[in-house]
Amino acid sequence: TGYWQFIKSAAKQYGLEVTDEVDERYDVEKSTIAACKYLNAAYQMFGNWTMSASSYNAGMSGIDKWSGLQKTSNYWNLVLGSETSRYVSRIIAMKLIMENPTAYGYDLKYEDLYKLLKFKEVELNTSVADFADYAATLGINYKTLKLYNPWLRDTELKNKNGEMYNSKVREEESIKLIKE
């Protein structure tokens, strides 16, 4: 689930909160930091990036098991399931496309790109009985709150322990861009 497709146990292992109300696998910044932590831990285990990247798909224990059984620490020499065996090649292909999109038929013009919207962070350390009402107090609607904060997974937040969350709210300049 989420941007980096963490299973619940791995998400928690790498510092993400996963509950019915909050799922930080959907927080692009926090989940990216967790993914980097995972890849660094995998690199410490395997000593190379191809094995580390493949473990992102099959798990560190899976790659460790298969490399042990096949007596190789070289990703390119491993017999793996079809999804994992193509995983690193797909990453390399995406890297090449992103470095030179026009060479691969992607003619992106500036006006085709999403506009970057400015946002500010609002601290939230209390319970919220109704996020639609909360959004209104911020001068936005529920849909906008959810757009900027997909990690909020319910219509309320009990927050019994007074955890500090930072919710994103678009700044006024961004609102003007959307209306144009």
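How much accessible surface does the protein chain have, and what share of it belongs to carbon and sulfur atoms? The accessible surface comes to about 11,900 Å², and 55% of that belongs to carbon and sulfur atoms. Keep in mind while reading that this is a predicted model. Here are my notes.

1. **Overall make-up.** The protein chain has 8 helices and 2 strands. Follow the sequence along and you get the pattern α-α-α-α-α-β-α-α-β-α.

2. **Overall dimensions.** I'd look at the radius of gyration here: the protein chain has 21 Å, while a compact globule of 180 residues would have one near 16 Å. The C-alpha trace spans about 60 × 45 × 25 Å along its principal axes.

3. **Burial and contacts.** Of the 180 residues in the protein chain, 31% count as buried. As for contacts between residues at least 6 apart in sequence, 52% of them join residues at least 24 apart.

4. **Charges.** The protein chain carries 23 positive and 24 negative charges.

5. **Asn-149.** Asn-149 sits in the loop between helix H7 (142–148) and strand E2 (165–170). Is Asn-149 buried or exposed? With a relative accessible area of 0%, against a cut-off of under 20%, Asn-149 counts as buried.

6. **What Asn-149 meets.** Leaving out residues up to four places away in sequence, Asn-149 touches Asn-166, Ser-167 and Lys-168. For Lys-168 there is a distance to go with the contact: a polar atom of the Asn-149 side chain lies 2.7 Å from the backbone nitrogen of Lys-168.

7. **Gln-5.** Check the backbone here: Gln-5 has a positive phi, near 55°, and is a residue other than glycine. You'll find Gln-5 in the segment before helix H1 (8–13). Its relative accessible area is 58%, so Gln-5 is exposed.

8. **Lys-71.** Where does Lys-71 lie? Its place is the loop between helix H4 (60–70) and helix H5 (82–99). Lys-71 is exposed, because its relative accessible area is 74% and the cut-off is over 50%.

Conventions
Residues are numbered from 1 along each chain as its sequence is written. This is a predicted model: local features need pLDDT of at least 70, side-chain atom pairs count only at pLDDT 80 or more; totals for chains, interfaces and linings use all residues. Side-chain values use heavy atoms; hydrogens and water are left out. Helices (H or I, at least four residues) and strands (E, at least two) are DSSP runs, numbered from the N terminus. Buried means under 20% relative accessible area, exposed over 50%, partly exposed in between (1.4 Å probe, protein chains only). A polar contact is a pair of N or O atoms within 3.5 Å; within protein, one must be able to donate a hydrogen and the other to accept it, and residues adjacent in sequence count only if both atoms are side-chain atoms. Contact means heavy atoms within 4.5 Å. The radius of gyration is taken over C-alpha atoms; the globule rule is 2.2 Å times the number of residues to the power 0.38. Accessible areas come from the Shrake-Rupley method with a 1.4 Å probe; for residues, only the protein chains shown count as cover. Lys and Arg count as positive and Asp and Glu as negative; His and the chain ends are not counted. The place of a charge is taken as NZ of Lys, CZ of Arg, CG of Asp or CD of Glu.
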